[in-house]
Amino acid sequence: MKVPVSITVNGRSYLRDVEPRQLLVHFIRDLGGVTGTKIGCDTSQCGACTVLLDGVAVRSCTCLAVQADGTSITTIEGLARNGKLHPLQEAFWNKHGLQCGYCTPGMILASHELLRRNPKPTDEEIRAGLDGNLCRCTGYTNIVRAVREAAAVMAGR
Ligand code: FES
Ligand code: FES
């Protein structure tokens, strides 16, 4: 059995018939060309699959596509505007907040959520805010620096 869903991804509307069990992360990655969202653990532990659903961060490996019917999703590909990287993307680049990059889309979108809730976080609050996102490469120090820089840029400091 399949059910119709309509989901907007990065400003573009997609109508698809999906199985009720289909995960949102597979819906997104199967659209074609929107594969920045990663699958790490598939069990809601690593944060690699984080996307914004109507502006709020969710783990797309634990959300069904049918639950996202009628919503607007932003993936890492949708964060840049008019060819200009989002300040978080710039800051991760500037501060070398990544190595292999596998966790980075989820890390940046989780950071987006963190700054939405707390635009001026301390380093401790950044670490606490990202404690559900795992990175096997960086040791996190440069990620914290990147979020701190992005917060300053976004606040015009
Ligand atoms: S793949 Fe979704 S939390 Fe790990
Ligand atoms: S940069 Fe490799 S997992 Fe984070």
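# Reading a helix and its surroundings

Author: Start with helix H3, residues 104-117, in this predicted model. H3 has 14 residues and reaches 20 Å from its first C-alpha to its last, close to the 20 Å expected at 1.5 Å a residue.

Reader: Is H3 enclosed by the rest of the structure or exposed, and why?

Author: First, the general idea. An α-helix has 3.6 residues a turn, so residues three or four places apart point the same way. Now this case. Twelve of the 14 residues of H3 are buried, so H3 is largely enclosed by the rest of the structure. Among the buried ones are Thr104, Gly106, His112 and Glu113.

Reader: How do I read a nonpolar core? Which residues have the most contacts inside the largest one?

Author: In soluble globular proteins, nonpolar side chains tend to be buried together. Here the largest nonpolar core has 22 residues, and Phe92, Met107, Leu130 and Val147 have the most contacts inside it. H2, H3 and H5 each give two or more residues to this core. A second, separate core has 16 residues, including Leu24, Leu31, Val34 and Ala65.

Reader: What does Phe92 touch, leaving out residues up to four places away in sequence?

Author: Its contacts include Met107, Ile108 and Ser111. Gly97, Leu98, Ile143, Ala146 and Val147 are also among them.

Reader: Let us turn to strands. In what sense do E3 and E4 pair?

Author: They pair in the antiparallel sense, over four bridges. Leu53 has Val56 in E4 as its bridge partner. The hairpin has two residues between the strands, and Asp54 there takes a positive phi near 50°.

Reader: Where is Asn82, and is it buried or exposed?

Author: Asn82 is in the loop between E5 and H2. Its phi is positive, about 50°, although Asn82 is not a glycine. Asn82 counts as exposed because its relative accessibility is 83%, and the cut-off is over 50%.

Reader: What is phi of Tyr140 near?

Author: It is near 75°, again positive in a residue other than glycine. Tyr140 lies in the loop between H4 and H5. At 27% relative accessibility, Tyr140 counts as partly exposed.

Reader: Last, cysteines. How many disulfides are there?

Author: A disulfide is a covalent bond between the sulfur atoms of two cysteines. Here the count is zero. Cys49 is buried, at 4% relative accessibility, whereas Cys137 is partly exposed, at 26%.

Definitions and conventions:
Residues are numbered from 1 along each chain as its sequence is written. Chains are lettered from A and ligands numbered from 1 in the order in which they are written. This is a predicted model: local features need pLDDT of at least 70, side-chain atom pairs count only at pLDDT 80 or more; totals for chains, interfaces and linings use all residues. Side-chain values use heavy atoms; hydrogens and water are left out. A disulfide is a pair of cysteine sulfur atoms within 2.5 Å. Buried means under 20% relative accessible area, exposed over 50%, partly exposed in between (1.4 Å probe, protein chains only). The expected span of a helix is 1.5 Å times one less than its number of residues. A nonpolar core is a set of buried Ala, Val, Leu, Ile, Met, Phe, Trp, Tyr and Cys residues joined through side-chain atoms within 4.5 Å. Contact means heavy atoms within 4.5 Å. Two strands pair if DSSP finds at least two bridges between them.
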